[in-house]
Each structure stands twice: as structure tokens, then as C-alpha cells.
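Let's take a walk through this structure together.

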Amino acid sequence: MRLLLVHPSALMYSEIFLRLEPLGLERVAGAAREAGHEVRVIDLQVSKHSDLERTMIEFEPQAIGFSLNYLANVPEAIELAHRAKQLVPSAHVFFGGHSVSFVAQEVLEQAEGAVDSVIRGEGEPAVGPLLEGLAQGGVDGVPGIVTADGRGPGPQMLHSIDTPRPARDLLAHRRRYFIGELDPCASIEFTRGCPWDCSFCSAWTFYGRSYRKASPEAAGEEMASIRESSVFIVDDVAFIRPEHGDAIAAEIERRRIRKRYYLETRADVLLRHPEIFERWTRLGLQYMFLGMEAIDAEGLDLYRKRVTPDDNFKALELARKMGINVAINLIVDPGWDEERFRVVRDFALSVPEIVHLTVMTPYPGTEVWHTESRRLTTRDYRLFDIQHAVVPTTLPLDVFYRELVRTQAVINRKHLGLRTAFGALRVLSGNLMRGQTNFARMLWRFNTVYNPERQLTDHYRPVQYELPLPRRLDVGDRRKLYIHDRKATHGRDAAPAE
Ligand code: B12
Ligand code: SF4
């Protein structure tokens, strides 16, 4: 069968810092290709809507799948599904991905017939059976499928994440993927899932707190096939198992692979096994993202982060000593007043790290979606991008955005100031000479993207598609939140930490 897979456009507020390859979609493409189908992929982060339309007409796909990892992309995907039905009426249009898995039924209804099915959970085990089912006239047995007739069997999980390999070769414009000065940058997955259970996050609910590891050989082989000079490791928490991080490092050393790396991890993981991270700095680890979330114990408890402020600060110090550039994330609560923003600004200016701010957002799949007592002030999907306030703010909304953007701007100025003084010029000229302009563009775009008026006016756009209202679920038994039920899977590894 001819299958076209599509990733929606980039979200406005993240695009200035990064744009990364759609690894999940590439893996779904890899699985379909292994099953013998003809596959094309269009990534609207780097291609135009007109490219998509042209491909639909020329390729005449029999199935068109859209990736919906982000809630904010739902309206665009529904509109594209309508367009697909006009251009290729016979194609089966389906959605899949992280976020849509939590609101599958509702999105299907909102699409009013433009979407034939939604696949909940991992896409690799489902795409082959879906295409086979379409050829043979029945898709009811596809794992994770939801259609107008209701839910099919539960989603299935891969036994091993070693295969299928992502179909990176199907992506045009690969040089446009970057993160900060790592430009161009590819992505790779060493592990899948997260054993923790932070209340604001849906990574653990999606995978039912399971955790699987790629074999070091497969990871080494995949790394050797990557052409880009930099690699973003997409794992939710890198190197939870030190022996695994070590074994992959050994493979990379053996193959004499030299890249620059960016990864995400937790303070306690870094503190427990600093030697792994140290070893990776020798392989090229340069950047690390630490989800610190709060600077006080009360905030950390509220998010069930299971680390102390002390751990966080020790981890920052340790990373600094290792020469790793750290970016930290703090969650802004809509309840913050001017004083709280000031405290955070002072903190951000007192540390050399890059500080990112995201707004606390209850979204489907998270525990706070069910427990947040403040009512939602909007259900516009597009505002659920953790850059907008979707529950009432204590400050008037315009003042809240002014404070938020001011804080981000102060931080950004500090960051840019340091970088331009100590090295960005060198990186920049190196990148420009190689024709890589992503990082250069990022440096100058901050003020056009982040401005309080624009964030405020986003709230007044006409709304066509709205998130369903939260069902107040009793989350005493948190397994009710899972997409993948761990009992029903054959994961290699169980949760290592509480
Ligand atoms: C890596 C990552 C990123 C990367 C790369 C994103 C990219 N280009 O793909 C970066 C750093 C850029 C990023 C940015 C953001 N991210 Co992010 N990210 C992740 C993370 C940690 C892993 C995603 C990943 O690559 N996994 C590995 C691949 C193999 O899995 P996958 O993509 O999920 O794909 C599988 C399934 O979803 C499914 N699938 C996917 N697509 C399709 C399509 C079809 C047709 C089918 C059938 C199946 C299918 O099958 C795949 C294989 O099993 C997830 C958390 C998580 N564990 O999922 C958060 C996550 C997806 N991100 C999140 C957020 C909030 C963001 C940001 C908005 C943050 C911000 N404000 O800056 C931005 C927005 C990015 C944008 N679109 O512009 C939230 C999503 C929230 C929501 N409900 O909308 C998540 C869930 C984290 C969380 N805290 O809960 N992110
Ligand atoms: S440790 Fe990170 S990925 Fe895991 S649940 Fe917490 S925030 Fe999500």
C-alpha cells in the first residue's frame, strides 16, 4: 500500500530554540516499510503545506497518517485531514501519537468524518496490521484503534525498541533540524518510558511507567548510521541505569564515533552516577537539560518530583564542574504574583545556567488534568503549549504575560550576552560557513516571537476546536491513567525507582 505520513507544523514558541526530527513518525515509517509498504514522510516543521498537497495529488496515498504528539497541533491536523479527504477521497486518514492517544474519541468526533481512525499508543506494532486490514477490508482488530464504531483491542507495546530503525532517509531538509548551536542535529532513542510519576507530566502515563532499553549493539549501530555531527538523545531521563549508559559508551568508543550530544536527565540520576556523565563528556556530551521545575521544596512536593532543592543545586554544581552546559526548566504557576516572578528572575540571574520557563498546564494524560481544582479559562487546543495560562491567573492576564516575558527576556539577554561574548560568534561563523543558519536565526528572533501582547491576543482568536472537559477521575489508582497497561506488555525492564 502507499502510505503518506505527516508531522504538523512547529509550535511558535519552541521554534526559536530548536527544531528536531520527528523520530516517532520516522519509526512508524520504518515499521510500515519493513512490512513491505511504499512510504513517504512530510514534516511540516520544514516543508510547506503546498508540498503536502502536491504529494497527496502526485503520490495518491491509500492511507494518510498524521502525528499528534502535541495537543496544540490538533486543530491544524483536523483541518489537514479535511483537505486530505478533498484531495484524495479514497484514502484512509488516521491520527496517532502521544497526546491524541488521551483524547482519541473526542478528536475523532470533532473531525466530523475527516478522520477514519485514531491509533492509541505506540505506532510501530499498529501500522502494519492497519495497512493490512485496509487491504483486506477490516481494521477492527488493529491494536489501539478507535473508529466511529468504538474502541478495538488495547494498544500493543514493542517487545524490544531495537527495531524498526527510524526511516531517516525519507525526510527531506534534514539540515534544518537543530537545537541551539548543535546545528544540524539528529535524534536518537536509547530508552523508552519513565519510571517516575510527576503530576504534571504524561510521559509515565503513556507507557504505564514501563521502561525499555535498546541493546548497546543496536544503539551503536544506529549511531554509526547518523550523518549529522550532533545528536539529541530523546530519552525522558537519560542513563537511569548506569550499566546501560556505560555499555553504549563502550560501543561508541569501539566504533570511534565522535559527535556532540544533548540529553535530558534528572538531578538525582546525575548525582547517583556522575561517572557515566563524565565518560559521556569525553565522547562529546556538551548540553544537558535538567527538569528542575521548582526552586523550593514545596513546589517540588506539589509536582511529586521526588528530589530536594539541595539535590538540584548539587547537580548543577556537578555538571558545571564537568564542563557541561546546563539548561534548566522551571514551572511557572498561574498563581504567581510580581514578587514571585522577581524571586525567580533573581535566581535565574544568579546561576550561569540557561533557565527555561514553562507555564503549569493541566493536560489530558497528566494527573493534574484530573486533580486541578482551578477551572480552565480556555479549552482552545492551541493554548495548551505550556506557554499560555489556561487556568485563572492571580495577576491580571496581561500583567501575568508581561511578567512572564520580562523574566524570559532577562534570562535570554543574560544567555545571549554570555554567548556572544564568549563564543557564539565563533560557533556562528563556523555554522554559517557550513551553510547552517538555524542557530543564527534563533539568536535574533527572540523579541519577535516572545511578546506579551501577542501571547494575550492568542486568547482572543476564534476557537473552532476545544479540548473535552476533564472527567474528575479518582486517581487513587494511577493505573487508570495509563495508555499502555504494563501487565499486558512484554517490556524488558520494570520500573527501577519509586
Ligand atoms: C523528545 C521530545 C521533544 C523534542 C523533540 C520533539 C519532536 N520533534 O518530535 C523537543 C525537545 C523538540 C520537544 C519539544 C516540545 N515538547 Co516534547 N517531548 C519529547 C519527549 C521527551 C519524547 C518524544 C520522542 O521523541 N519519543 C520517542 C519517539 C519514538 O516516540 P513518540 O514521538 O512518542 O512516537 C511514538 C508514538 O507517540 C506513536 N506515534 C507518533 N507519531 C505517530 C503518528 C502515527 C500516524 C501513529 C499511528 C503513531 C504515532 O508511535 C511512535 C512510536 O512508538 C516527549 C515525552 C515522551 N516520552 O513522549 C515530550 C512531549 C511530547 N513534549 C511535550 C511538550 C509540552 C513539548 C513542548 C511544547 C515544550 C515547550 N514548550 O517547548 C515542545 C514543543 C515542540 C514542537 N512541536 O514544536 C509534552 C506534550 C504535551 C502535550 N500534551 O501536548 C510531552 C508528552 C512531555 C510531557 N511533559 O508530558 N519535545
Ligand atoms: S521524571 Fe521527567 S519524564 Fe519522568 S515523570 Fe517526571 S517529568 Fe515526566
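Start with what covers the buried residues of helix α1: the list includes β1 (2-7), β3 (38-43), β4 and α5. Helices (H or I, at least four residues) and strands (E, at least two) are DSSP runs, numbered from the N terminus. A residue counts as buried if 20 or more other C-beta atoms lie within 10 Å of its own, as exposed if 12 or fewer do, and as partly exposed in between, with C-beta atoms placed from the backbone. Before going on, keep in mind that this is a predicted model, where local features need pLDDT of at least 70 and side-chain atom pairs count only at pLDDT 80 or more, while totals for chains, interfaces and linings use all residues. Residues are numbered from 1 along each chain as its sequence is written, and chains are lettered from A and ligands numbered from 1 in the order in which they are written.

So how covered is α1? Nine of its 12 residues are buried, and they are Gly-24, Leu-25, Glu-26, Arg-27, Val-28, Ala-29, Gly-30, Ala-31 and Ala-32. The length of α1 works out too: at 1.5 Å a residue its 12 residues should span 16 Å, and its end C-alpha atoms are 16 Å apart, which agrees. (The expected span is 1.5 Å times one less than the number of residues.) Just after α1, Gly-36 takes a positive phi of about 95°.

Now pick out Ala-29, which is found in α1. Ala-29 is buried because 29 other C-beta atoms lie within 10 Å. Which residues does Ala-29 touch, not counting residues up to four places away in sequence? They are Leu-5, Val-39, Val-41, Ala-167 and Leu-170, where contact means C-beta atoms, placed from the backbone, within 7 Å. Ala-29 and Arg-168 are 139 residues apart in sequence, yet 9.0 Å apart in space, C-alpha to C-alpha.

Next comes α5 (124-136). Its buried residues are Glu-124, Ala-126, Val-127, Pro-129, Leu-130, Leu-131 and Leu-134, and they pack against β1, α1, β4, β5 and β6 (117-119). Leaving aside neighbours within four places in sequence, Leu-130 is in contact with Phe-94, Ile-119, Val-139 and Val-142. After α5 comes Gly-137, with a positive phi near 85°.

Leu-130 also leads us to the largest nonpolar core, which has 139 residues; Leu-130 is among those with the most contacts inside it, along with Leu-5 and Phe-95. Such a core is a set of buried Ala, Val, Leu, Ile, Met, Phe, Trp, Tyr and Cys residues joined through C-beta atoms within 7 Å. Helix α3 (residues 74-87) gives the most to this core, with six residues.

Finally, the ligands. Around ligand 1 there are 40 residues, the closest being Gly-24, Gly-65, Ser-67, Gly-96 and Gly-123; a residue belongs here if its C-beta atom, placed from the backbone, lies within 6 Å. The largest share, five residues, comes from α1. Domain 1 (2-151) and domain 2 (177-480) both give residues to this shell, so ligand 1 lies between them; the domain bounds come from an automatic or database domain assignment. Ligand 2 has its own surroundings, including Cys-194, Trp-196, Asp-197 and Arg-266.

Notes
Two residues are in contact if their C-beta atoms, placed from the backbone, lie within 7 Å.
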